[in-house]
Amino acid sequence: MYNKKHNLFFILLIVSSFAYSQHRSYTDKYEYRKKRHEVTFGLGASNCLTDLGGSFISDPNSEVSQIDFLRSIYDTDLAKSNYAINAAYIYHFKRKLNFRGNLAFAQIGADDFLSKDLNRKNRNLNFKSSIIEFSGIVEYYFAKPITGNKYNLKDVQGHKLAPNILAHWGFYIMGGIGGFYYNPKGLNNKVYNSGAHMNSDFNHLPDNVWHKLRPLHTEGQGMEGNKTKFQKSGKTYSPVALCFPLGFGLEKAFNGDMGLKIEASYRFTNTDYLDDVSGFYHNRNEIESEYGTIAAIMSGTSSGWERPYMAFVENEGDPPPTGGVMITDQSLIDSYGPRIYTITETSTDEGFIRGDPTANDSYMFFNISMYKKFSSHTKWYRNVHKSDKRKIKASF
């Protein structure tokens with residue numbers, strides 16, 4: 001009798017546990033249908049990875065791309081972090097799969113002056129830009145947050161309505177595609193040393209004013225002989241580009257309707273002109289003739305430190321080019337010949353590398369958002385139970 005009682009108890013325990021587990025799995029499985037719609041609003045920080053600032057020295061002859069995440073870590077100017085604002089509508093398509101329409105507004109920027117690399121300091125280019133982005137994103141949850149009540153109350157079956165802690169964290173990854181508007185501006189703080197022969201008659205005074213860079217064609221875009229991909233007359237880069245968000249997030253639910261999200265995301269782009277810098281320095285006189293003195297100044301061509309070096313005239317007796325001086329030191333003439341001359345130029349002259357044309361620019365967000373879900377109980381109940389068949393047995 002003792003064994004039969006215990007066997008019956010264990011059978012009932014197993015059956016009830018199985019029934020409860022089925023109930024919980026059913027509830028978890030269809031919970032998302034009760035609250036498919038969600039809105040979020042958040043604030044955070046933005047940063048970017050472009051040709052300016054940082055400390056990484058790109059070699060345009062090597063296979064360096066923006067997928068190099070180690071580069072992202074040590075080449076990011078934390079000092080230039082700025083604000084980011086985001087708002088989103090989320091549709092809960094499946095229990096672990098969401099579709100998100102995302103709107104973001106942010107400010108990004110970089111400055112060679114902050115770089116520890118001396119060559120970048122000499123280049124002395126800078127920019128800032130507003131970003132307005134709209135993107136479509138898919139979220140996939142590896143773990144959904146579990147919500148409960150403050151006091152861990154029990155249901156009629158004696159099961160806790162929440163875990164021992166108030167709630168578990170959820171974890172998700174996200175990815176998508178979007179478009180964004182940008183408009184880089186540069187601060188006119190350029191230094192042009194008159195010791196370099198091409199600067200001797202170049203009138204320039206830094207006015208410390210922010211100028212819109214795209215209309216200035218600072219790399220000679222759309223001009224004859226330029227080394228950019230914009231070869232048609234007057235053409236330059238578009239202020240609208242594609243972005244490809246990729247990231248992950250944590251979710252903390254306060255209750256069934258509201259909670260907190262912490263998200264880090266990286267935006268790959270299809271443009272190398274977030275900072276108005278991509279390839280090579282163009283002829284400054286041509287830029288000035290076509291787009292004005294400010295355009296020539298903001299190009300940075302022949303700015304920075306002076307760079308004296310020795311060269312040779314083509315034929316003995318030929319005069320040196322403008323700014324060159326024939327060497328009269330007999331020991332140097334004996335060593336190098338009578339065609340040698342000296343000239344002072346810069347390391348930012350026409351044809352020199354200005355940026356890294358092999359890698360597109362990118363930007364990133366770190367956001368903390370609050371979310372609110374909206375219920376549609378009637379529709380949810382009707383859809384979930386539409387296949388149920390209820391039998392009513394009368395008893396008198």
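I started with the cysteines: Cys48 is buried because its relative accessible area, 5%, is under the 20% cut-off. Cys243 is buried too, at 0%. This is a predicted model, and my disulfide count for it came to 0.

Next I looked up the largest nonpolar core, which has 21 residues. Ile108, Ile131, Phe180, Tyr182, Leu274 and Tyr363 touch the most other members. Strands S3 (97–111), S4 (126–143), S5 (169–182), S8 (240–253) and S13 (362–374) each give two or more residues to this core. S3 gives the most, with 4 residues.

I then listed the contacts of Ile131, skipping neighbours within four places in sequence: they include Ala104, Ile108, Phe180, Leu274 and Tyr363. Apart from this core I noted another, of 10 residues, with Tyr192, Phe202, Ala296 and Met298 among them.

On to charges: I found 7 salt bridges. Glu263 pairs with Arg100, the closest N and O atoms being 2.6 Å apart. Glu263 sits in strand S9 (258–269) and Arg100 in strand S3, so the pair ties together parts 163 residues apart in sequence. Glu263 counts as buried at 11% relative accessibility, and Arg100 does at 7%. I also noted that Arg100, Glu139 and Glu263 are linked in a salt-bridge network.

My last entry is Glu133 with Arg267, a salt bridge at 3.0 Å, N to O. This pair links strand S4 (Glu133) to strand S9 (Arg267), 134 residues apart. Are these two buried or exposed? I have both Glu133 and Arg267 down as buried.

Conventions. Residues are numbered from 1 along each chain as its sequence is written. This is a predicted model: local features need pLDDT of at least 70, side-chain atom pairs count only at pLDDT 80 or more; totals for chains, interfaces and linings use all residues. Side-chain values use heavy atoms; hydrogens and water are left out. A disulfide is a pair of cysteine sulfur atoms within 2.5 Å. Buried means under 20% relative accessible area, exposed over 50%, partly exposed in between (1.4 Å probe, protein chains only). A nonpolar core is a set of buried Ala, Val, Leu, Ile, Met, Phe, Trp, Tyr and Cys residues joined through side-chain atoms within 4.5 Å. Contact means heavy atoms within 4.5 Å. A salt bridge is a side-chain nitrogen of Lys or Arg within 4 Å of a carboxyl oxygen of Asp or Glu.
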